[in-house]
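This report goes through one chain, from a single side chain to the overall fold. The sequence and coordinates follow.

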Amino acid sequence: MMTTRWRRFFKLLILCVFLATPQISHAGADLSDTRTIRKRDQKSYWSLYDCPQCVGKKARQEQGHVKSASGSSPPDEKDIDIIVTYTDTSGSVRIRTVKSRDLSASWIWRSPTDENTDHQNSSQALEESFQTDVRFGDNVEHSTASHLLGREMPQPQTSTMNPVKLKRRLLRQQRRDLRTAELIRQDKEIDNQLQAAAIKRARELDTTVKGRYSIWRIEYQNPNSDSTLKLMRDQIIMAKAYASIAKANNETGLYDSLMQSSRESQHAIGDARSDAELQPSALDRAKAMGHTLSIAKDQLYDCLIVARKLRAMLQSTEANVNLLRKKSAFLIQLAAKIVPKPLHCLPLQLTTDYYLQGFQNSGFPNKDKLEDTSLFHYAIFSDNVLATSVVVNSTLVHAKEPEKHVFHIVTDKLNFAAMKMWFLVNPPVGAAIQVENVDDFTWLNSSYCPVLRQLESARMKEYYFKANQASSLSVGSDNLKYRNPKYLSMLNHLRFYLPEVYPKLDKILFLDDDIVVRKDLTPLWSVNLRGMVNGAVETCKESFHRFDKYLNFTNPKISENFHPNSCGWAFGMNVFDLKEWRKQDITGIYHHWQDLNEDRTLWKLGTLPPGLITFYNLTYPLERSWHALGLGYDPALNQTAIENAAVVHYNGNYKPWLDLAITKYKSYWSRYVMFDNSYLQLCNISG
């Protein structure tokens, strides 16, 4: 690049000597001047003062204000033609004649006597120009243009950089600084997020199972932990298939050997669910079975016959599984309906002592609290004495001010004496108790209540008590579920008449008898329901427990009034604003829809479907930690959610007082049972 510049310089110098014309150089010309000259060459009619630096200077030039470096005035500009040399875009040297009056104020006159001085200083100026090029890459073209014009004027005191370019450079630097600061801030945020995630992961770490968890990786579990067990089960299936083929072919010895090996392998497996639970001799048993199967394969294997036999075994197994499922559903529903002997014994003993010991005329203390709206009131409707006692005990154990809690218990006529007797001999400390008989509510009759009217109808009696109906086992578990006697009890539907049952109260907390309280429930009375009637925990997760699960959306009465994806909520722990209830006539809404469902085409029996309809768009969602559900049917619940819940709910068939109960959940309930009570010991009720 430097060689090219020197070559151009010497060409220009020789040309200037031969022409012997005055040379004019531009002092401090910018890159834009050079580009302007090149454009003038392309358009020969442009004037020199058309460049951005020359605008506004034409008037001063015409008045003769342009002076030389020594201060003398130039000759008459009107009569002088100036020859200008320059290089075009291709690098060729070109000559052009311009009038002196067209020059800008930045051009100066030089005497021919300065030629030698300029020539001597040209090398030094060129070197300085190259240094300037290195420092300021934006001015390379400007420096080259100055040399090619033949003269190098002394460097001006101020910077030769265009102010616009300088400003752009400053703006670019500011943008770089801002971008750098933004990236640093984002890095710090990401570091903080990673640190917070690591801390959260460490807190949630379950250290009960050693060697399986690590704070830096997800739970690891050997995917082949039951490979030997699966192998042995497959061997048993193949042994039975070959044994059947051997028997058909009169291979008695091989048949006996296969059946004997099959029994021994089944004995070695036992109740094992993984390889770790197998007996030490199980692997040897698998090897021996493999040897037996190898012999059977050599003698009996025929692809078509074996495939046909395995297909027949599969069909037979599927039929047996379906039959066992129906039997299991029937037995579970039957077990859920039957009262165990100890629980049947308890109300009998309590009722006997109630009448024999003369407790008929006994009453509960603190009657003045029953209608005090400044206290915390609970409603419990149940015919289960033991379950109701657990609800009351667990609530008071965690209550900060037990004396401010009032329990309103309603039961049926059969269990009224037993329920009252229990709380008379085991009064809760500080709290007020009221026990009522649902049969004493004279206003609750078939002319007012649609459910009672429907229960008296011939259609409902036929549904429940038809003598020649198909067997319960054949109709499946779905219909069996809704034939449970609890759906016939008015205690189950009494929750829709709370304002009538407690006309003097403004707010009440409804509790099912299959719940256990684990925290103080007092803050629920201060929850702002925002004009809603019902405060409940929503149960929908993705597509689970939404309205289409409970209601028949093929019926236009449902599809035109409700959305199938509306979120369901839980009955079992509900805060009811009774003032708002009366204002919006919630009981009337319930009656309207209950009348429409007389033929059970909108929903099946139960209280949750009509509850979803009655409180549609009138339910305020409580925090999920208030109510944990599923302990009566789901053995795979999140343990942390259970521990953090204020109330745990055994909704489902596996109630905690039954032998069906899920073992790992039963302790939450049994810790509030008074096993040292004489009545419980008399009826052999133990943990």
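Is Arg453 buried, partly exposed or exposed, going by its relative accessible area? The model is predicted, and in it Arg453 has a relative accessible area of 37%, so Arg453 is partly exposed.

## Salt bridges

The side chain of Arg453 forms a salt bridge with that of Asp595, at 2.7 Å from N to O. Because Arg453 lies in helix H14 (residues 450–455) and Asp595 in helix H23 (residues 586–596), the pair ties together parts that are 142 residues apart in sequence. Asp595 is partly exposed, with a relative accessible area of 37%.

Glu264 and Arg285 also meet in a salt bridge, with an N to O distance of 2.3 Å. Glu264 is in helix H8 and Arg285 in helix H9, so this pair ties together parts 21 residues apart in sequence. Glu264 counts as partly exposed at 31% relative accessibility, whereas Arg285, at 15%, is buried. Within helix H6 (residues 163–203), Glu189 and Arg185 are four residues apart, about one helical turn; their closest N and O atoms are 2.2 Å apart. Glu182, Arg185 and Glu189 are linked in a network of salt bridges. The whole structure has ten salt bridges.

## Nonpolar cores

The largest nonpolar core has 64 residues, of which Leu346, Phe423, Leu509, Leu521 and Leu524 touch the most other members. Helix H13 (residues 416–425) gives the most to this core, with eight residues. A second, separate core of 43 residues includes Phe496, Leu505, Trp569 and Leu578.

Beyond its neighbours within four places in sequence, Leu346 is in contact with Val385, Leu386, Tyr679, Leu680, Cys683 and Ile685.

## Helix H7

Helix H7 (residues 227–248) has 22 residues, which at 1.5 Å a residue should span 32 Å; the end C-alpha atoms are 32 Å apart, in agreement. Its buried residues include Leu229, Met232, Ile236 and Tyr242. Among the elements covering the buried residues of H7 are helix H8 (252–269), helix H9 (282–300) and H10. Just after H7, Asn250 takes a positive phi of about 60°.

## Surface and overall fold

Leu331, Leu334 and Ile338 make a nonpolar surface patch of about 260 Å². Ile338 sits in the loop between helix H10 (303–337) and helix H11 (341–356), and is partly exposed at 47% relative accessible area.

The chain contains 27 helices and twelve strands. Of its 687 residues, 42% count as buried. The chain exposes about 39,000 Å², 52% of it supplied by carbon and sulfur atoms. Among contacts between residues at least 6 apart in sequence, 73% join residues at least 24 apart.

Methods. Residues are numbered from 1 along each chain as its sequence is written. This is a predicted model: local features need pLDDT of at least 70, side-chain atom pairs count only at pLDDT 80 or more; totals for chains, interfaces and linings use all residues. Side-chain values use heavy atoms; hydrogens and water are left out. Patches are made of residues with over 30% relative accessible area and no salt bridge: like charges are joined within 9 Å, nonpolar side chains (Val, Leu, Ile, Met, Phe, Trp, Tyr) within 5 Å. Accessible areas come from the Shrake-Rupley method with a 1.4 Å probe; for residues, only the protein chains shown count as cover. A salt bridge is a side-chain nitrogen of Lys or Arg within 4 Å of a carboxyl oxygen of Asp or Glu. Helices (H or I, at least four residues) and strands (E, at least two) are DSSP runs, numbered from the N terminus. Buried means under 20% relative accessible area, exposed over 50%, partly exposed in between (1.4 Å probe, protein chains only). A nonpolar core is a set of buried Ala, Val, Leu, Ile, Met, Phe, Trp, Tyr and Cys residues joined through side-chain atoms within 4.5 Å. Contact means heavy atoms within 4.5 Å. The expected span of a helix is 1.5 Å times one less than its number of residues.
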